[in-house]
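Subject: A structure for you to look at

Hello,

Here is the structure I promised to pass on. Please open it first, and then read my notes below alongside it.

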Amino acid sequence: MADTEEDAAPSGEQQQGGQCASSPAGPEDSQPAAGRAEAAEVPARRSRFEGLSVDSSLQQFKKRKFFVLRPGTLNQAIKDIEALVNKEVDGSIHSVWLMSEVDHWNNEKERLVLLTDSSLLVFKYDFIMFNCEQIQRIPLNFIDRISHGTFSFPKHSLLQREGEGVRVFWDRLREPSFTSKWNPFATDFPFITFTAHPVSNINESFAALSNLHNFREQLKDAAQKVHIMKPVPGKANGVLVLNQQIHIEAYVGAMSFLGNQNKLGYCMARGNVGF
């Protein structure tokens, strides 16, 4: 309603100024001050839209299609996954994170992550149906290494990925098998890789939920504490933190390219149907 009134007022003033100009009683330069002021304001009012970027507006529109941004959705999701925590095994909850998991084929997948007294819990949650579809539990006293940095790919790979990530290892003595590396559905890797969620720059709240630095520091401190309290026999205690590139051994990745471009790993509104 405010915009309508603003547009209506100049219209009336301009019409009145036009009548005064056509009257023989006054010369053209005798136009009322209000009319001249309004004429000066028109370019200023238009200039407010000149700084808008079409690309940034499009990106904001796309991000609003994530179901996690719908009012009340994230709060309900956190409530649902907190109810799934096993107090006897996991202990108390320390923090909640909204992340994107990047698998060994460079596919992005939306994830909720809980850090508790004894565990790192990774949830695959359906923000459309409000349902937890999968839980991955990683004991903190098994975590032996955390690496963080930019992503890298093999020399002749056609893939690329911007930004930084955090990779958590829990069995440095076990290397993924050849079969697992070439199986896009393999889940037996002794590490997991996270990066910031696409909506992390929407506002400060979501930025905090996807803050990789804070997540890494809290995970390191929690794991160090559990290593002292519950050491694993035959396993070196402590967590090694490395600042190095996170390597993804994928070459062509047509599936990941199409999936990531269309955000198939996220709960989003897609036309008239949500997937």
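Let me start with a charged pair: Asp103 and Lys109 form a salt bridge, with their closest N and O atoms 3.4 Å apart. By salt bridge I mean a side-chain nitrogen of Lys or Arg within 4 Å of a carboxyl oxygen of Asp or Glu. Asp103 counts as buried because its relative accessible area is 8%, while Lys109, at 27%, is partly exposed. Here buried means under 20% relative accessible area, exposed over 50%, and partly exposed in between, with a 1.4 Å probe and protein chains only.

Before going on, please note that this is a predicted model: local features need pLDDT of at least 70, side-chain atom pairs count only at pLDDT 80 or more, and totals for chains, interfaces and linings use all residues. Residues are numbered from 1 along each chain as its sequence is written, and side-chain values use heavy atoms, leaving out hydrogens and water.

More on charges

The count comes to seven salt bridges by the rule above. One of them joins Glu101 to Arg111, at 3.1 Å between the closest N and O atoms. This pair links distant parts of the chain, as Glu101 lies in strand 1 (residues 93-102) and Arg111 in strand 2 (residues 108-116), 10 residues apart. Both Glu101 and Arg111 are buried. Helices (H or I, at least four residues) and strands (E, at least two) are DSSP runs, numbered from the N terminus.

Arg216 and Glu217 also meet through their side chains in a salt bridge (3.7 Å, N to O). Salt bridges that share partners join these two and Lys220 into one network. Within it, Arg216 is buried at 11% relative accessible area, and Glu217 is partly exposed at 26%.

Which side chain of opposite charge is nearest to Arg145, a buried residue that has no salt bridge? It is Asp144, 4.7 Å away. For this, Lys and Arg count as positive and Asp and Glu as negative, with His and the chain ends not counted. Arg145 is found in strand 5 (residues 145-152). Not counting residues up to four places away in sequence, Arg145 touches several residues, including Arg167, Phe169, Arg172 and Leu240; contact means heavy atoms within 4.5 Å.

A hairpin and a loop

Strand 3 (residues 119-126) and strand 4 (residues 131-139) pair in the antiparallel sense over eight bridges; two strands pair if DSSP finds at least two bridges between them. Lys124 stands opposite Gln134 in strand 4. Four residues lie between the strands of this hairpin, where Phe130 takes a positive phi near 55 degrees.

Lys230 sits in the loop between helix 8 (212-229) and strand 8 (240-243), and is partly exposed with a relative accessible area of 42%. Leaving aside neighbours within four places in sequence, Lys230 is in contact with Ser118 and Asn141. Lys230 and Phe142 are 88 residues apart in sequence, yet 9.8 Å apart in space, C-alpha to C-alpha.

Finally, Leu158, Trp182, Tyr251 and Val252 make a nonpolar surface patch of about 470 Å². Patches are made of residues with over 30% relative accessible area and no salt bridge, joining like charges within 9 Å and nonpolar side chains (Val, Leu, Ile, Met, Phe, Trp, Tyr) within 5 Å. Accessible areas come from the Shrake-Rupley method with a 1.4 Å probe, and for residues only the protein chains shown count as cover. Tyr251 is in the loop between strand 9 (246-247) and helix 9 (254-261) and is partly exposed, at 36% relative accessibility.

Best wishes
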